[in-house]
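Please read the following briefing alongside the sequence and the coordinates. The points below are grouped by topic.

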Amino acid sequence: INAEYMGSTKAYGDMDPLDLCDIGTKQHETGDVYKVKILGTYAMIDAGECDWKIVCIPADDPLADKLTSLDDVEKLLPGKLKETFEFLRDYKIPDGNPPNKFAFDSKCQSADFAKKIVDETYKQWEMLITKKIPPKDKKYDISPICTQLDKAVTPYLVDAATAEKHVTDAFIKYLHQHQIRCFVQLMIN
């Protein structure tokens, strides 16, 4: 859940899942699930919160075995990290927002650093889903549900239809809160 203050970024976590930036050679479909090799991470600061952007490549990509560090990425995919950074920095500008800011002087951090972020976030998710931490406090309010764990592991087990309804309802609520009405109308009709 990453709600803790991250001293190295001088920001709290954003309470969102980690974002992956796939720099591989194959275009995947939205929603595809596949194994990746972690290469690094950017620490984007969005509205004062840290939004980790994990740079990765699919494990079955022809370049995956050759990429073990950010230096390797620069050698084999020259300009790819710069292109990725510029996209992350600038993607909100067309909506009238300023460029995104980044911790660590806007530098991509190493694979080892990124793996620590992934491990920490997984441990927080695990504590949430097993009710070792509450789903709500003054910093966050999460609706934990899952369809893949045993009822003995988590009290948040639901069937797939309930999970889909929960996600759809939350998405529509988000759209309404952000005044994205035309899209909501399309979904409801």
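Leu39 touches Ile23, Val55, Cys56, Ile57, Leu67, Leu70, Val73, Gln109, Ser110 and Ala111, leaving out residues up to four places away in sequence; contact here means heavy atoms within 4.5 Å. The model is predicted, with local features requiring pLDDT of at least 70 and side-chain atom pairs counting only at pLDDT 80 or more, whereas totals for chains, interfaces and linings use all residues. Residues are numbered from 1 along each chain as its sequence is written, and side-chain values use heavy atoms, with hydrogens and water left out.

**Nonpolar cores**

- Leu39 also belongs to the largest nonpolar core, which has 18 residues; Leu39, Tyr42, Val55, Leu67, Val73 and Leu81 touch the most other members.
- Two or more residues of this core come from each of strand E4 (36-46), strand E5 (49-58), helix H1 (70-76) and helix H2 (80-90).
- A second, separate core has seven residues, among them Ala11, Trp52, Ala103 and Ile117.
- A nonpolar core is a set of buried Ala, Val, Leu, Ile, Met, Phe, Trp, Tyr and Cys residues joined through side-chain atoms within 4.5 Å.
- Buried means under 20% relative accessible area, exposed means over 50%, and partly exposed lies in between (1.4 Å probe, protein chains only).

**Overall organisation**

- The protein chain contains five helices and six strands, where helices (H or I, at least four residues) and strands (E, at least two) are DSSP runs numbered from the N terminus.
- Along the sequence, these elements follow the pattern β-β-β-β-β-α-α-β-α-α-α.
- The protein chain has 189 residues, of which 34% are buried.
- Among contacts with a separation of 6 or more, 55% join residues 24 or more positions apart.

- A pocket is an open set of points on a 1 Å grid over the protein atoms alone, where a 1.4 Å probe fits, with protein on both sides within 12 Å along at least five of seven lines; lining residues have an atom within 4 Å of a point.
- Of the 14 lining residues, Leu20, Asp22, His28, Asp32 and Tyr34 lie nearest the centre of this pocket.
- Strand E3 (residues 19-22) gives the largest share of the lining, three residues.
- The lining comprises five nonpolar, four polar and five charged residues, with Ala, Val, Leu, Ile, Met, Phe, Trp, Tyr, Cys and Pro counted as nonpolar, Asp, Glu, Lys and Arg as charged, and the others, Gly among them, as polar.

**Backbone in the loop between E6 and H3**

- Most residues other than glycine have a negative phi.
- Phe104 has a positive phi of about 60 degrees although it is not a glycine, and this residue is in the loop between strand E6 (101-102) and helix H3 (111-129).
- Phe104 counts as partly exposed because its relative accessibility is 22%.
- Asp105, also not a glycine, has a positive phi of about 55 degrees and is placed in the loop between E6 and H3.
- Asp105 has a relative accessibility of 68% and therefore counts as exposed.

- Lys107 is in the loop between E6 and H3 and is exposed, with a relative accessible area of 52%.
- Asp112, in helix H3, is exposed at a relative accessible area of 54%.
- Asp112 and Gly40 are 72 residues apart along the chain, and their C-alpha atoms are separated by 7.5 Å.
- Lys80, in helix H2, counts as partly exposed at 22% relative accessibility.
- Lys80 and Ile23 are 57 residues apart in sequence and 7.3 Å apart from C-alpha to C-alpha.
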